[in-house]
Amino acid sequence: DAGFAIGPSRANPYTGQVYDADISFTENMTRFTRSEFTDLVAPLAESLNSVEEQMKLVADPRHRCNYALGATHEAAFGYGLLAARGLMDDPAAQDQYIKDFLTSIAVHEVGHTLGLRHNFRASTLHEVNKLQDAKLTLDEGLTGSVMDYMPVNIGANGAKQGQYWQTSLGPYDYWAIEYAYKPMAASSPEGELAELRRIASRVADPKLAYGTDEDSYGTSAIGLDPRTNQWDFGTDPLQYYADRIKLVHELWATIETKAARQGENYQPLRRVFNRAFGELAISLLNANKYIGAVYHNRDHVGDPNGRLPYEPVSGAKQRQALELIKNNAFRKQSVRLPAPIAQ
């Protein structure tokens, strides 16, 4: 397949103590980033999962982790775009890009071995215009948690470029580990409750934003929160999606000269188009969640700066999302390709 990474662990059901944990991922994740797998192996490969396996994942979101698979798509998309800009000509730049990518996968799986669940709202840590501030993101993380599904972080062409991948822990990670593992001088589990409640009461801190699988998937009320998504960044996700779509069109504009070479087949060109189209689909599907949406919070009664469990998304934000979808999905020339390719 295109690569996988896992971080399974076994815990004592009575105390929660993790007594066995492993992390593993396949070497072909690096080859997929450079597209060798897609060209040489994928045409002969069978489907990744059986229908039964897929149904099991849907039935229990705690068992659903396809971060490594999605991340390889992100890595390949970013690699193609950066190569088109001429930023991957240096072998050292290629190696650093892939090493940081593998680091981002490894820290995610370490989190799973320690018992952490996904945090798909952690990506709202920074404003979109601060994502290329490498000093800030190295200190605090590109997102609030390595347990998010993070896209490759690419700035606008010609603009300042920061980290491509998250290589350090975020503030939520420290908070969650403090709650789970902080040594406490208590003679019984009940004696720890006061300190645990004190730690958990910081839930309203925006740097500790949390939303997991059931907050992102499905049709329940909490599954409709538009801030809890995979593959996005920023306090204003709609701004991020608009910027991401610009990158899609930038890549499409180069495929005639960068992905189609004299004497070669058309597979590289099709592959680049499909990756970019996948980014467009992610942006529009996530933006769609804003329409008729509600924000969901997990604050408890009496928490400092406590918020209501549900808050409606403003009409202005819903209309902004609708305009983004109209302009990039339902308008003529939404998919803009070089004329020879479009024909």
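Visitor: How many aromatic pairs does the count come to?
Guide: The count comes to 14 aromatic pairs. Rings of Phe, Tyr and Trp (its six-membered ring) pair if their centres lie within 6.5 Å; planes under 30 degrees apart are stacked, over 60 edge-to-face, and the rest tilted.

Visitor: What am I looking at, and how are residues numbered?
Guide: This is a predicted model, in which local features need pLDDT of at least 70, side-chain atom pairs count only at pLDDT 80 or more, and totals for chains, interfaces and linings use all residues. Residues are numbered from 1 along each chain as its sequence is written, and side-chain values use heavy atoms, with hydrogens and water left out.

Visitor: Why is the pair of tyrosine 97 and tyrosine 164 edge-to-face?
Guide: Their ring planes are at 65°, with the centres 5.5 Å apart, so the pair counts as edge-to-face. Tyrosine 97 is in helix 5 (residues 91-113) and tyrosine 164 in the loop between helix 6 (134-140) and helix 7 (171-181), so the two are 67 residues apart and the pair links distant parts of the chain. Helices (H or I, at least four residues) and strands (E, at least two) are DSSP runs, numbered from the N terminus.

Visitor: Which cluster do ring pairs link Tyr97 into?
Guide: Ring pairs join Tyr97 with Tyr79, Phe101, Tyr164 and Trp165 in a cluster.

Visitor: Switching to charges. How many salt bridges does a search of the whole structure find?
Guide: The search finds 17 salt bridges. A salt bridge is a side-chain nitrogen of Lys or Arg within 4 Å of a carboxyl oxygen of Asp or Glu.

Visitor: Where do arginine 10 and aspartate 20 lie?
Guide: Arginine 10 is in strand 2 (residues 9-11) and aspartate 20 in strand 3 (residues 18-21), so their pair ties together parts 10 residues apart in sequence. Their salt bridge is 2.7 Å, N to O. Aspartate 20 is partly exposed, at a relative accessible area of 26%.

Visitor: And aspartate 225 with arginine 121, buried or exposed?
Guide: Both aspartate 225 and arginine 121 are buried. Their side chains meet in a salt bridge of 3.1 Å, N to O. Aspartate 225 sits in the loop between helix 9 (213-216) and helix 10 (237-258), and arginine 121 in the loop between helix 5 and helix 6, so the pair ties together parts 104 residues apart in sequence.

Visitor: What does arginine 198 form a salt bridge with?
Guide: Glutamate 178, with the closest N and O atoms 3.8 Å apart. Arginine 198 is partly exposed at 42% relative accessible area, and glutamate 178 is partly exposed at 23%. Salt bridges that share partners join Glu178, Lys182, Glu195, Arg198 and Arg202 into one network.

Visitor: Last topic. At what angle do helix 10 and helix 12 pack?
Guide: About 10°, with the axes of helix 10 and helix 12 (residues 315-330) 10 Å apart. Axes are lines fitted to C-alpha atoms, for helices over the stretch in contact, and angles run from 0 to 180 degrees between N-to-C directions. Helix 10 and helix 12 are therefore roughly parallel; angles under 35 degrees count as roughly parallel, over 145 as roughly antiparallel, 65 to 115 as roughly perpendicular, and the rest as oblique.

Visitor: Which residues make the contact?
Guide: From helix 10, Leu238, Tyr241, Ala242, Ile245 and His249; from helix 12, Lys317, Gln320, Ala321, Leu324 and Asn328. Contact means heavy atoms within 4.5 Å.

Note on methods: Buried < 20%, exposed > 50% of the residue type's maximum accessible area, 1.4 Å probe, protein only.
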